[in-house]
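Trainee: I am new to this structure. Please take me through one part closely, and then through what lies around it.

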Amino acid sequence: MVRMRGDLSAVCRVLREKERFLIACHENPEGDAIGSELALALALRKMGKTATVLNADPVPANLLFLPGADTVVFAEDGSKYDVAVVVDCGSPERTGRIAQELLKCPVLINIDHHRTNGDLGELSLVDPDAAATGLLVHRVLSAMKYEVDLDVATNLYVAVLTDTGSFHYGSSSPEAFEVAGEMVRRGVDPWAVAEQVYETQSVHRLRLLGRVLDSLDVSSDGRVACITTMREDLREFGSGKDALEGFINYPRSIVGVEVAVSFREEEGGVFRVSFRSKGRVDVSAVAARFGGGGHHNAAGCTVPGTLAEVKKRVLETLAAALS
Ligand SMILES: [Mn+2]
């Protein structure tokens, strides 16, 4: 089944013809978002164009090694650009406070693989079956006959590596392995990258993990496991929310657990809720009930209320989805 939407050749034509590009991704960016936007920006710059990466949030510490990461800006006037390119982002609101600058660009291109993508942008390339947005950027660059160099290759490799959970997930398609292999052929060193992405955590982060795992709560039937992070926990360990990336894999790894849930307290009496499912449960549908979205096996939403209220509402909705 081909579910790809959008027009690859139209996207390539705009990238070829226009000169000034403003590239953005979702808030709280991770490897696929950063890798996709940097790969595209570096390639456009090599083509002699102006490409600025504008993000709402900082590049996570473990991704600062990525070529081009030091060129990301956090404020910019969108009216200076011909085209906005939004990557790995299912809805315009997910770009956060920079959305207004993107909307100042006369043309908006949307490159994404979230199945909840509502086709923001008049020009799009959306493929829910792609394992990573980085693969869609690779399709674009290939179609433009762009010769991928090591800097672009490193970004694309990290996009694919992180969004497939280091090739653990069912989304790890032949294309994901093929592109990763091509990037290795172009000089990417898998161990050097893995060490930067996965083996550079601080002592504080590991202690924070201990605290968060203390909150582990498993449902009586053993099918749902959740963890909770309060703002006080992050403060105590001097960590930002990006330190929590990957913690949800621990409750998911419990034998018999089908869905892992992470509750993270945010300012203003709301909780960010993340879901990871192992198999048949479509957590994007559960997240959508609360106005969120994502993928079959990984999704999220923001829910107002106290921890007790949010947990009750979310876990009841999840239990209904599991029955
Ligand atoms: Mn992604």
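Leaving aside its neighbours within four places in sequence, which residues is T228 in contact with?

Mentor: Some ground rules come before the tour. This is a predicted model, where local features need pLDDT of at least 70, side-chain atom pairs count only at pLDDT 80 or more, and totals for chains, interfaces and linings use all residues. Residues are numbered from 1 along each chain as its sequence is written, and side-chain values use heavy atoms, with hydrogens and water left out.

Now to T228. Setting aside neighbours within four places in sequence, T228 is in contact with V212, S215, D233, F263, L307 and K311. Contact means heavy atoms within 4.5 Å. T228 lies in strand β8, residues 224-229. Strands (E, at least two residues) and helices (H or I, at least four) are DSSP runs, numbered from the N terminus. T228 counts as buried because its relative accessibility is 9%. The scale is simple: buried means under 20% relative accessible area, exposed over 50%, and partly exposed in between, with a 1.4 Å probe and protein chains only.

Next, the metal. D32 (OD), D88 (OD), H113 (NE2) and D163 (OD) coordinate the manganese ion at 2.1 to 2.3 Å. Donors are N, O and S atoms within 2.8 Å of the metal (3.2 Å for Na, K and Ca); water is not among the atoms, so sites may look incomplete. Along the chain, the donors follow the spacing D-x55-D-x24-H-x49-D. D88 lies in the loop between β4 (83-87) and α3 (99-102), and H113 in the loop between β5 (107-112) and β6 (123-126), so this pair ties together parts 25 residues apart in sequence. Both D88 and H113 are buried.

Now the nonpolar cores. A nonpolar core is a set of buried Ala, Val, Leu, Ile, Met, Phe, Trp, Tyr and Cys residues joined through side-chain atoms within 4.5 Å. The largest has 57 residues, and those with the most contacts inside it are L15, I23, L40, V85, I109, I111 and V152. Helix α2 (residues 31-46) gives the most to this core, with 9 residues. Take L40: apart from neighbours within four places in sequence, L40 is in contact with L15, I23, V85, I111, V137 and L141. A second, separate core of 20 residues includes V281, V283, V286 and C301. In soluble globular proteins, nonpolar side chains tend to be buried together.

Helix α1 (residues 8-17) has A10, V11, C12, V14 and L15 as its buried residues. Their cover includes β2 (20-24), α2, β4, β5, β6 and α4 (133-143).

L63 is another buried spot. L63 lies in the loop between β3 (50-53) and β4. L63 is buried because its relative accessible area is 3%. Beyond neighbours within four places in sequence, L63 is in contact with E30, G31, I34, A69, V158 and V197. From L63 to A131 is 68 residues in sequence and 19 Å in space, C-alpha to C-alpha.

On to the cysteines. A search of the whole structure finds 0 disulfides, a disulfide being a pair of cysteine sulfur atoms within 2.5 Å. C89 is in no disulfide, and the nearest cysteine sulfur, that of C25, is 7.3 Å away. C89 is buried, at 1% relative accessibility. C105 is in no disulfide either; the nearest cysteine sulfur, that of C89, is 14 Å away. C105 is buried too, with a relative accessible area of 7%.

Rings of Phe, Tyr and Trp (its six-membered ring) pair if their centres lie within 6.5 Å; planes under 30 degrees apart count as stacked, over 60 as edge-to-face and the rest as tilted. The count comes to 1 aromatic pair. The rings of F167 and F177 have centres 4.8 Å apart and planes at 25°, so the pair is stacked. F167 lies in the loop between α5 (150-163) and α6 (174-185) and F177 in helix α6, so the pair ties together parts 10 residues apart in sequence. F167 is partly exposed at 22% relative accessible area, and F177 is partly exposed at 45%. F167 also has a positive phi of about 65°, although it is not a glycine. N28 is not a glycine either, and its phi is positive, near 45°. N28 lies in the loop between β2 and α2.
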